[in-house]
Structure formats: C-alpha cells, structure tokens
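Take a look at the protein below.

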Amino acid sequence: MALFGNAHSIDPGSAQQQYARLLGQGEQVYAAYLLIRDTILFTDRRLILIDKQGITGKKVEYHSIPYRSITHFAVETAGTFDLDAELKIWISGTSAPVEKTFTKGVDIYEVQAILTQFVAR
C-alpha cells in the first residue's frame with residue numbers, strides 16, 4: 001500500500017484528541033504525521049494508518065499495525081534533487097512494504113528512532 005504525497009508532522013496532543021475513539025484505554029499518541037488527507041499515528045502500542053478515500057474523504061479506512069508485526073523497515077533520506085525522504089515498513093505475512101513519503105522538513109531520523117524504540121522491544 002503506497003500513499004502518494006508528502007507528510008509533515010502534526011502535534012501529537014491534537015492527534016490524540018482528534019482520534020481518541022481509535023485508541024485503547026491508556027494508549028498514547030507519540031508522534032503524528034499528516035499526508036495530504038491521510039494520517040499516520042505512532043502510538044505507544046501500534047502504528048495506525050488513516051486512509052481517507054473518495055472525493056469527499058468521508059469514507060475512511062483504518063489500518064492498525066502492531067509493532068510486533070513489523071519485520072523490518074528502511075528509511076531513505078532526502079537528497080539534493082530529490083527533496084523527499086521515504087519510509088518503508090515490511091509487515092509479517094506481506095511481501096510488499098508499506099511506503100510513506102515525507103517532506104524534507106520532517107526529520108526522517110526521528111521517524112526511524114520512533115520505530116526503533118517500539119519495534120525493538
């Protein structure tokens with residue numbers, strides 16, 4: 001599943017409030033990124049991908065990926081001419097990675113550190 005566009009960070013507290021109904025009791029949003037209409041949430045328990053569909057965006061698909069299901073991940077930093085950084089996440093049982101594109105303004109090393117913190121538990 002590849003989503004197109006560029007992500008930028010959003011306030012985790014705002015994301016916590018906006019998506020409270022998706023979160024389990026005591027679950028905390030650690031980091032959040034907005035990708036055009038879609039959202040990526042890193043919680044203390046899982047990765048949540050919020051995929052708004054259709055012209056109006058009223059239809060929404062929610063993907064919940066427990067960190068224990070992530071087999072490995074890769075980051076590609078932005079270059080001189082390629083201004084976007086990329087994140088690829090492989091999930092057990094799938095051959096193709098989940099791919100996300102981030103603007104140069106997002107610290108891809110921070111994203112990698114978040115994943116490392118939760119995946120390496």
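## Overall fold

How many helices and strands does the secondary structure of the protein chain come to? There are two helices and eight strands. Keep in mind that this is a predicted model.

Read from the N terminus, the order of elements is β-α-β-β-β-β-β-β-β-α. The protein chain has 121 residues, and 37% of them are buried. Its exposed surface comes to about 6,900 Å², with carbon and sulfur atoms supplying 52% of it. Now take the contacts between residues at least 6 apart in sequence: 39% of these join residues at least 24 apart.

## The nonpolar cores

The largest nonpolar core holds 21 residues. Y33, F42, L47, L87, I89, F102 and V111 touch the most other members. Several elements each supply at least two residues of this core: strand 2 (29-35), strand 3 (38-43), strand 4 (46-53), strand 7 (85-91), strand 8 (98-102) and helix 2 (108-119). Which element gives the most? Helix 2 does, with five residues.

A second core is separate and has eight residues, among them Y19, V29, A32 and I48.

Consider I89 as an example of contacts. Leave aside its neighbours within four places in sequence, and I89 still contacts L47, I70, H72, F73, P97, V98 and L115.

Is strand 3 mostly covered or mostly open? It is mostly covered, as six of its six residues are buried. In a regular strand, side chains alternate between the two faces of the sheet. Here both faces are covered. D38, I40 and F42 are buried on one side, and T39, L41 and T43 are buried on the other.

Strand 3 pairs with strand 2 in the antiparallel sense, over six bridges. The hairpin of strand 2 and strand 3 has two residues between the strands. In this hairpin, I36 takes a positive phi near 50°.

Strand 3 also runs antiparallel to strand 4, with four bridges joining them. F42 stands opposite L47 in strand 4. Here too there is a hairpin, and two residues link strand 3 to strand 4.

## One salt bridge

Side chains of opposite charge can pair when their charged atoms come close. How many salt bridges does the count come to? The count is one. E27 forms it with R46, and their closest N and O atoms are 2.8 Å apart.

This pair links distant parts of the chain, 19 residues apart. E27 sits in the loop between helix 1 (12-18) and strand 2, while R46 is in strand 4. Both E27 and R46 are buried.

## Aromatic pairs

The count of aromatic pairs comes to three. One of them joins Y30 and F118. Their ring centres are 5.4 Å apart and their planes are at 90°, so the pair is edge-to-face. Why does this pair tie together parts 88 residues apart in sequence? Because Y30 lies in strand 2 and F118 in helix 2. Y30 is partly exposed, at 42% relative accessibility. F118 is buried, with a relative accessible area of 4%.

Y33 and F42 make another edge-to-face pair, because their planes are at 90°, with ring centres 6.0 Å apart. Y33 and F42 are both buried. Finally, Y30, Y67 and F118 form one aromatic cluster.

Terms used. Residues numbered from 1 in each chain as written. Predicted model: local features only at pLDDT ≥ 70, side-chain atom pairs only at ≥ 80, totals over all residues. Heavy atoms only, no water. Buried < 20%, exposed > 50% of the residue type's maximum accessible area, 1.4 Å probe, protein only. Contact = heavy atoms within 4.5 Å. Areas by Shrake-Rupley, 256 points an atom, 1.4 Å probe, with all protein chains shown as cover. Core = buried A, V, L, I, M, F, W, Y, C linked by side-chain atoms within 4.5 Å. Pairing = 2+ DSSP bridges. Salt bridge = Lys/Arg side-chain N within 4 Å of Asp/Glu carboxyl O. Phe/Tyr/Trp six-rings, centres within 6.5 Å; stacked < 30°, edge-to-face > 60°.
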